[in-house]
Amino acid sequence: MTRTGPGPAGAPAAAPAGDAPTGAAAGPGWPAIEPLLRAAADEHWLARAVADLGLDRVAEVVVEELAVRCDPVPVDGAAHLAFELTSGGERACRLLTVDRDGLTSKRDGWQAAPVRITHDAVDLLRGLYGPGTDRRTSRRVTTCAELNALGPAPGGLTAIVRERQRLAVAVQAVVAACQRHPVDLGGLSTRFGSDKWADLHWYTQHYERHFARFRNAPVRVLEIGIGGYDAPDQGGASLRMWQRYFPAGLVLGLDIVPKPGVRGPRIATAVGDQGDPGLLDDLGRRFGPFDIVIDDGSHLNAHVRASFTALFPHVRPGGLYVVEDLQTAYWPGYGGTVGPVAGPGTSVGLLKQLVDGLHHREWVPPAAAPGPSYADRHAVALTIYHNLAFVEKGVNSEEGAPDFIDRGWSAPPA
Ligand SMILES: C[S@@+](CC[C@H](N)C(=O)[O-])C[C@H]1O[C@@H](n2cnc3c(N)ncnc32)[C@H](O)[C@@H]1O
């Protein structure tokens with residue numbers, strides 16, 4: 001694995017091969033945001049994390065997060081707002097610009113903005129990253145004196161009302177970005193340009209069903225296959241979709257092509273071949289354990305099997321390993337089998353093997369030395385849809401049927 005390129009402003013421009021994936025911040029993983037995510041369950045821990053990081057750096061993290069969560073707004077031109085974070089006696093301000101492309105921020109120019117939105121830093125962070133989906137953060141919205149004092153002018157009252165409405169749309173978009181909302185994963189997929197819904201595939205309905213329990217948790221997600229193939233600045237659609245879907249999630253993408261252009265405050269990327277078990281194990285050790293691993297890479301059957309073997313041990317108990325595009329199990333160009341029965345070397349062959357392994361306690365004779373495999377002992381449930389499989393990790397230790405039940409088999413005499 002090598003680092004794929006420089007992070008955004010503030011991050012070191014490059015790191016030697018073998019270093020961390022790129023992220024929004026310097027150092028391994030997501031150093032600025034991780035302490036805030038870890039502390040988000042408790043106001044006291046959060047206050048300490050804010051003090052450790054410094055309010056200015058926290059403001060940078062927050063406005064990057066708002067840019068992820070703010071939907072484009074139907075305003076004419078751009079609306080400018082001041083955004084103020086307070087903590088104790090300190091404050092940090094940014095100028096937010098909201099338009100049809102979404103939200104961007106600047107350090108300067110906030111003093112002249114016609115509206116100011118003020119939040120307590122700890123309260124807002126708790127709402128953004130903490131537990132509880134219905135938590136509402138408190139805020140103060142202040143309209144500047146000049147705007148309040150405007151009297152009938154060239155354009156008349158109508159022009160004033162129209163300007164205030166334009167600002168109200170922008171304020172609403174920022175306030176909404178500060179709260180949690182239910183999201184439609186299919187809508188996010190099409191919006192960011194992934195083929196997981198209404199395009200080549202119809203996967204997001206299944207993802208919503210299986211990922212709902214993780215949605216508000218501080219999950220770690222690894223997806224193999226960032227997208228965009230040979231173009232370093234293309235791809236990242238599904239990583240952006242997961243970053244938005246999991247409000248407290250950290251998202252790592254792996255691709256065989258470096259992807260320095262794919263960035264986000266909770267996105268990191270790594271470059272490497274999913275057919276290399278050593279590289280995957282290394283990735284798992286450094287950035288796992290993962291709550292969710294998704295294989296949307298080469299879809300070569302040998303790669304799908306090698307990646308599962310290397311990465312399943314790095315999935316957290318209770319987590320999920322997902323394999324997309326099972327159709328290649330039937331395509332010889334991908335190492336699949338011609339005909340209606342996918343062979344043992346295919347992705348579907350792997351899933352059939354996992355069904356057998358799930359029942360290893362029932363085998364007669366019992367599993368021979370060295371015993372059932374790691375996957376046999378840890379895959380506890382399988383759900384298979386058209387072209388898409390979910391493997392749940394756990395401890396597959398339920399006892400087999402008791403010995404007094406006649407299996408119609410007895411061990412041959414020694
Ligand atoms: C279908 S695209 C991923 C799309 C993306 N997950 C999405 O939904 O937006 C597949 C990606 O896998 C990458 N890929 C191909 N072979 C690979 C390999 N051996 N290891 C890692 N990535 C690979 C390609 O470069 C390509 O960008």
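Visitor: Which side chain does the side chain of H201 make a polar contact with?

Guide: That of D325, at 3.4 Å. Keep in mind that this is a predicted model.

Visitor: Where is H201 found?

Guide: In the loop between α7 (185-192) and α8 (204-211).

Visitor: Is H201 buried or exposed?

Guide: Buried. The relative accessible area of H201 is 9%, and the cut-off for buried is under 20%, so H201 counts as buried.

Visitor: What else is H201 in contact with?

Guide: Leaving aside neighbours within four places in sequence, H201 is in contact with D195, K196, D325 and Q327. D325 is the polar partner again.

Visitor: Switching to G272. Where does G272 lie?

Guide: In the loop between β8 (267-271) and α10 (277-287). G272 is buried too, with a relative accessible area of 12%.

Visitor: What does G272 touch?

Guide: L254, D255, I256 and L279, not counting residues up to four places away in sequence. Take D255: it is 17 residues from G272 along the chain, yet their C-alpha atoms are separated by 5.9 Å.

Visitor: On to pockets. What volume does the largest pocket have?

Guide: About 670 Å³. It is lined by 35 residues.

Visitor: Which of them lie nearest its centre?

Guide: G225, G227, Y229, D296 and G297. As for secondary structure, α9 (237-245) and β7 (250-255) each supply at least two residues of that lining.

Visitor: How does the lining of the largest pocket split by class?

Guide: It has 17 polar, 10 nonpolar and eight charged residues.

Visitor: And the second largest pocket, what is its volume?

Guide: About 540 Å³. Of the 21 residues that line the second largest pocket, E64, A67, V68, R263 and P265 are the closest to its centre.

Visitor: Which element gives the most to the lining of the second largest pocket?

Guide: α3, with five residues. α3 (55-69), β3 (102-106), α7 and α9 each supply at least two.

Visitor: Which domains does the lining of the second largest pocket draw on?

Guide: Domain 1 (33-177) and domain 2 (185-393), with at least three residues from each.

Visitor: How many charged residues does the lining of the second largest pocket have?

Guide: Six charged, alongside 10 nonpolar and five polar.

Definitions and conventions
Residues numbered from 1 in each chain as written. Predicted model: local features only at pLDDT ≥ 70, side-chain atom pairs only at ≥ 80, totals over all residues. Heavy atoms only, no water. Helix = DSSP H or I, 4+ residues; strand = E, 2+ residues; numbered from the N terminus. Buried < 20%, exposed > 50% of the residue type's maximum accessible area, 1.4 Å probe, protein only. Contact = heavy atoms within 4.5 Å. Polar contact = N/O pair within 3.5 Å; in protein donor to acceptor, adjacent residues only side chain to side chain. 1 Å grid on protein atoms, 1.4 Å probe; cavity = no way out; pocket = protein on both sides within 12 Å on 5 of 7 lines; lining within 4 Å. Points joined across faces, edges and corners; volume = space filled by probe spheres on them. Nonpolar A, V, L, I, M, F, W, Y, C, P; charged D, E, K, R; others polar. Domains from an automatic or database assignment.
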